[in-house]
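Here is my note on the model you sent. Please read the points with the structure open.

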Amino acid sequence: MAMLHTVNKSPFERNSFDSCLSHAKDGSSVLLIEDGIYAVIKGSQAMSRILDAPGVSFYVLGPDLQARGISQDHVIDGVTVVDYGGFVDLVTRHDSVQSWL
Amino acid sequence: MAEIKKFLYVNRKAPYGTVYALESLEVVLIGAAFDQDVSLAFLDDGVFQLAKGQKTTAIGMKNFSPTYSALGDYEVKKIYVEKESLEQRGLTTDNLLHLTYEDEDEDYAEKDSIQLVSRAELADIMDQQDVVMSF
């Protein structure tokens, strides 16, 4: 069962991202949206959580990055930027979706 | 005229995810009409409010970040950004808006409004206020 996890809260303000990664199994995907996108900034304190989960695929929603002024070259290497169409593709490619609010 | 008080607006939330950042900015602009000694502090996720290059077209929300550049015209000259909060989030002052005001005591020379302060310095600044408003 490949699951898609979405996280929409800042990793610095809530534990949604931490809790998501503690439950995400190898082969699953995590899509960061809204304030969740702050987890993918290179050099931030959240960076190690992503590097420590090599079995999980990470995606981030481009429109939410742009809105918040985080440029693509500021995104941790290995994290894939997707648009709204890519969000839909991710949902169809996985068996189920869990939202970490 | 009434005594001038020291007002500090404390901003701790990221923009767009919640309405706190926009509400704070509106209150600051309204409050600017009252000729008080106003300072703004940005710490924790509040530092994200000042990120430069915000483009909100694709999420269908209003980009209110250009309004921070108008604060200088409203006599808001002291904008404190907490150094530790920036560092934890992988940001530097290069990633922030360039905010300025005109110093009327020095022939309207353009000066930087943003001052990078440590957590300890910000604690002192908070301690010196008459009124603290939190967002």
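1. Start with one pairing in chain A. His5(A) has Val30(A), in β2(A), as its bridge partner. Keep in mind that this is a predicted model.

2. That pair belongs to a longer stretch of pairing. Strand β1 of chain A covers residues 3-7, and strand β2 of chain A covers residues 29-32. Four bridges join the two, and they run parallel. Strands of a sheet pair through backbone hydrogen bonds, in either a parallel or an antiparallel manner.

3. Now the whole sheet. Five strands of chain A form an open sheet with parallel pairing. Their order is β4-β3-β2-β1-β5. Which strands stand at the edges? They are β4 (80-82) and β5 (96-100) of chain A. Each has a single partner strand, so one side of each lacks a neighbour in the sheet. On average, neighbouring strands are turned by 25° against each other, direction ignored.

4. A helix packs on this sheet. Helix α1 of chain A, residues 16-23, touches β1, β2 and β5 of chain A. The direction of α1 makes about 165° with that of β1(A).

5. Step back to the chain. Chain A has four helices and five strands. From the N terminus, its elements run β-α-β-α-β-α-β-α-β.

6. Of its 101 residues, 42% count as buried. Take the contacts between residues at least 6 apart in sequence: 70% of these join residues at least 24 apart.

7. Next, the interface. How many residues of chain A are in contact with chain B? The count is 19, and they meet 19 residues of chain B. On the chain A side, the residues divide into six nonpolar, seven polar and six charged.

8. Last, one residue of chain B. Asp124(B) is found in helix α3 of chain B, residues 119-127. Is Asp124(B) buried or exposed? It counts as exposed, because it has 10 C-beta neighbours inside 10 Å, and the cut-off for exposed is 12 or fewer. Asp124(B) and Gly90(B) are 34 residues apart in sequence. In space, their C-alpha atoms are 25 Å apart.

Terms used:
Residues are numbered from 1 along each chain as its sequence is written. Chains are lettered from A and ligands numbered from 1 in the order in which they are written. This is a predicted model: local features need pLDDT of at least 70, side-chain atom pairs count only at pLDDT 80 or more; totals for chains, interfaces and linings use all residues. Two residues are in contact if their C-beta atoms, placed from the backbone, lie within 7 Å. Ala, Val, Leu, Ile, Met, Phe, Trp, Tyr, Cys and Pro count as nonpolar, Asp, Glu, Lys and Arg as charged, and the others, Gly among them, as polar. A residue is buried if 20 or more other C-beta atoms lie within 10 Å of its own, exposed if 12 or fewer, and partly exposed in between; C-beta atoms are placed from the backbone. Two strands pair if DSSP finds at least two bridges between them. Axes are lines fitted to C-alpha atoms, for helices over the stretch in contact, and angles run from 0 to 180 degrees between N-to-C directions.
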